[in-house]
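Hello,

Here is the structure I promised to pass on. Please open it beside this email as you read.

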Amino acid sequence: MDRGGEETRAAAETVARRSYGKLVAFLAARTRDVAAAEDALADAFAAALAHWPQRGVPDNPEAWLMAAAKRKTIDAHRAAKRGNEAAPHLAMMAEELATPTDIQADIPDERLKLLFACAHPAIDESVRAPLMLQTVLGFDAAAIASAFLVSPAAMSQRLVRAKTRIRESGIPFRVPEHEDLPERLPPVLDAIYAAYAEGWSDPMGTDTARREMATEAIWLGRLAAMLLPGQAEALGLLALMLHSEARRAARRDASGAFVPLSEQDTGLWDGTMMTEAEALLRRAAAMNAIGRFQLEAAVQSAHAIRCLKGTADWAAIVTLYDALWRMTASPVIAINRAIAIAETQGPRAGLAALDVLDAAALSQYQPYWSARAHLLARSGARGQARDAYDRAIGLEIDPAVRRFLQARQAALAADPAP
Amino acid sequence: MEYMLVLFSDPKPLFAMKPEEMEKMAGAYYAFTQALQNEKALVDSRRLKIAAEATTVSLDNGKSKVVNGPYIETKEELAGYYLIDVPDLDAALKWAARCPTAAHGHVEVRPIWPMPG
């Protein structure tokens with residue numbers, strides 16, 4: 001397919017996904033049966049992907065999908081009746097599909113309810129992000145499985161189990177009461193961020209499924225921010241994802257080699273995304289409800305200052321990581337905090353900050369070893385740095401990052417003795 | 001939807017309780033039961049005698065085998081239940097959190113298998 005054709009196909013697919021999610025949410029909100037809603041729409045979605053790229057996206061994609069789903073469901077209902085099968089779900093679905101045709105132009109947007117159902121505390125944490133990608137965005141299990149590095153069979157099974165659980169345990173399709181949001185919103189935002197992180201781990205963008213996943217996760221973040229405009233953390237998450245996404249083009253050089261943040265060409269950072277992220281952060285800050293995502297986005301904002309001033313605001317970054325460390329006690333935060341401390345107080349202070357961590361628990365964690373190696377090398381402890389690089393290289397999966405670490409290690413030996 | 005709040009707790013501290021503590025605990029359960037009744041969410045509720053009083057039966061080659069004690073010996077044992085009728089899991093979870101057992105034991109929330117008709 002030529003490039004233009006590819007773009008048309010991608011555009012049609014995007015519209016189909018948006019409409020699909022809206023219809024799944026609309027149908028499932030009433031029956032609590034996500035699988036049945038998906039079944040009703042599966043053929044319609046496939047037909048849209050086959051027809052729209054050639055014939056163009058219809059004016060009202062939702063009505064088009066709804067009409068196609070209705071035909072298929074009625075067919076299935078008839079077939080089930082002939083087979084003497086009682087099919088109460090199909091009957092209910094046929095009824096639901098019949099209702100909104102009168103109000104074709106306006107199907108209520110229930111996707112936020114679907115997001116809250118997918119990230120309900122009664123759903124296993126590891127399946128929340130995949131479940132959102134499938135039900136709200138219509139990704140198939142195989143694409144999700146490849147992004148999450150799980151076999152398609154295992155991913156399908158987890159998704160089926162989660163949908164059964166929503167139906168059987170009575171998980172509601174409802175936006176929680178305001179007083180419950182502090183407890184119930186974080187899992188929704190975490191799952192969106194997890195979907196983004198899976199897509200982000202393919203910076204070359206060669207893996208289409210992953211690149212799309214990151215784009216779609218940002219779209220989910222936009223949806224949450226739009227539907228919950230008074231929730232500072234929803235805005236903070238979107239700002240964080242936009243700041244990260246803005247740097248996608250700068251994370252690899254022309255030959256595909258990994259470029260660390262400190263060496264990225266800021267000219268390649270996406271100004272539009274960064275501007276939007278900054279505006280979101282300002283809006284969030286005015287709400288006086290600080291949280292993890294706003295703080296992490298503010299860290300990225302302090303890096304983005306490089307575009308204007310040529311250097312990141314390391315003092316601000318240390319302060320922000322201090323706050324994040326108190327809030328989360330996460331080793332990932334501690335490692336980044338140590339790197340920031342090394343920028344303001346020197347590598348020895350950075351190494352001392354790393355020592356607060358339980359080294360045994362992090363012995364298999366690549367970022368710990370690469371941060372250690374980096375700080376040891378800067379402090380002149382070349383032998384220890386070499387060993388730490390060995391550990392980091394052994395743990396790294398991404399070949400481009402591995403080559404980068406190997407180059408850093410080789411540079412140690414090339415350096416003249418201090 | 002109907003749910004059973006299955007209550008698990010350790011009976012040992014009960015034996016050491018002073019009468020006034022016992023009364024306080026009974027009061028907490030009474031208040032919880034009243035709240036369920038007021039909201040028209042209560043279907044049924046019972047407290048069980050301690051698991052040490054249980055007798056367990058199974059059929060072994062068609063012959064009834066009777067064992068002294070509960071099927072499963074645990075520190076926190078099945079102590080009773082509340083059968084409730086509420087709109088969804090979130091409502092059931094809220095009641096479970098208000099149940100006095102949640103403070104000193106565990107409350108398992110199980111959907112009831114719907115019977116046709």
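Below is what a look at its aromatic rings turned up.

The model is predicted: local features need pLDDT of at least 70, side-chain atom pairs count only at pLDDT 80 or more, and totals for chains, interfaces and linings use all residues. Residues are numbered from 1 along each chain as its sequence is written, chains are lettered from A and ligands numbered from 1 in the order written, and side-chain values use heavy atoms, without hydrogens and water.

The whole structure holds eight aromatic pairs over all chains. Rings of Phe, Tyr and Trp (its six-membered ring) pair if their centres lie within 6.5 Å; planes under 30 degrees apart are stacked, over 60 edge-to-face, the rest tilted.

One pair is A:Trp52 with A:Trp64. Their centres are 5.3 Å apart and their planes at 75°, so the pair is edge-to-face. A:Trp52 is in helix 2 (residues 34-55) of chain A and A:Trp64 in helix 3 (residues 61-82) of chain A, so the pair ties together parts twelve residues apart in sequence. Helices are DSSP runs (H or I, at least four residues), numbered from the N terminus. A:Trp52 is buried, at 2% relative accessible area. A:Trp64 is partly exposed, at 27%. Buried means under 20%, exposed over 50%, partly exposed in between (1.4 Å probe, protein chains only).

A:Tyr193 and A:Phe293 also pair edge-to-face, with 5.5 Å between centres and 70° between planes. This pair ties together parts 100 residues apart in sequence.

Best wishes

How values were computed. Helices (H or I, at least four residues) and strands (E, at least two) are DSSP runs, numbered from the N terminus.
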